[in-house]
Amino acid sequence: MNNIKAIIGGTGIYDIGTDVYSETIQTEYGDVAVDIVNIKDEKIVFLSRHGKTHSTPPHLINYRANMKALCMLGVTHVYATVAVGSINNNFGLGDVVIINDFMDFTKARNNTFFDGTNGVKHVDMSDPYCKMLRVKFSEYAGNHNIDVKGNAVYVCTEGPRFETATEIKGYRLLGADVVGMTNVPEVVLAKELGICYSAVGIITNWATGFKDEEITFHDIKGSLKKNKEKITSAFIEILSTELNKAECNCANSVISL
Ligand code: HPA
């Protein structure tokens, strides 16, 4: 057995198959249910971000418990999916993008493990999404007919409401390509724990006011369906190979003062 890896499934992705066993991990932040599957020589943990029945809204997800549970299981690498609205004409419904940076417009979330009890710590955000995992996904996609449309800057809003048209115009001006409600603080907590983390976005809708279209749940489901199996099998294939922590700086991003 080598390292333990994980997949976090976002909206529309609630399992990675049937040959799994379930475990509940008790953390200081709360309990977390995961599915575990043995593939080749590797253990892959699956965590459904919103719960198996999509019962937890984005602003109430226990991000710290989720990431702490993965850490307690010994997880070293994580791929996640995020359903996103597009604020970029180049990224249309059903398209796949690799998230390479974020802007944080959340308001009321427990967004750090660094609460001062172990001194003052900061985490470097110059490369929030693990470069090695991003490159591996991009290469795999190129060889397996997954049409990645490009890198995307993710703006995270608090939700659960969607954005106003004016907010979306503002986020576009600030440099965002896609909008969602869940990737922050997940990506930050992963980095605080030294876990390599990469998120792949699936465009489910045009963001509010970006085109003359309403956001419908029908769009969201249909767009996810198109690519979710290809993406989860890409994650499993990549994660079941040997991955080298020396190829990125994720394990050394915490600065203690
Ligand atoms: N806004 C916020 N979160 C989302 C959206 C959106 O348009 N689409 C999917 N998640």
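**Exercise 1.** Which side chains does a polar contact of 2.7 Å join?

Solution. The structure is a predicted model, in which local features need pLDDT of at least 70, side-chain atom pairs count only at pLDDT 80 or more, and totals for chains, interfaces and linings use all residues. Residues are numbered from 1 along each chain as its sequence is written, and side-chain values use heavy atoms, with hydrogens and water left out.

Step 1. The pair is N183 and Y197, whose side chains meet in a polar contact of 2.7 Å. A polar contact is a pair of N or O atoms within 3.5 Å; within protein, one must be able to donate a hydrogen and the other to accept it, and residues adjacent in sequence count only if both atoms are side-chain atoms.

Step 2. N183 lies in helix α4. Helices (H or I, at least four residues) and strands (E, at least two) are DSSP runs, numbered from the N terminus.

Step 3. N183 counts as buried because its relative accessibility is 0%. Buried means under 20% relative accessible area, exposed over 50%, and partly exposed in between (1.4 Å probe, protein chains only).

**Exercise 2.** State how far helix α4 is covered, and what follows the helix.

Step 1. After α4 comes G194, with a positive phi near 75°.

**Exercise 3.** Describe the surroundings of the ligand.

Solution. Step 1. The residues around the ligand are A83, V84, G85, F162, E163, V179, G180, M181, T204 and N205; a residue is near a molecule if one of its heavy atoms lies within 4 Å of it.

Step 1. Nitrogen atoms of the ligand lie 2.7 Å from a polar side-chain atom of N205, 2.8 Å from one of E163, and 3.3 Å from a polar backbone atom of G85.

Step 2. On its own the ligand has 260 Å² of accessible area (Shrake-Rupley method, 1.4 Å probe), of which the protein covers 93%.

Step 3. Two or more shell residues come from each of β5 (75-86), β9 (178-180) and β10 (196-206). β5 gives the largest share, three residues.

**Exercise 4.** Which residues touch the most other members of the largest nonpolar core?

Solution. Step 1. A nonpolar core is a set of buried Ala, Val, Leu, Ile, Met, Phe, Trp, Tyr and Cys residues joined through side-chain atoms within 4.5 Å.

Step 1. In this core of 41 residues, they are V45, L70, I99, V178 and Y197. Another core, of 30 residues, lies apart from it and includes I7 and I16.
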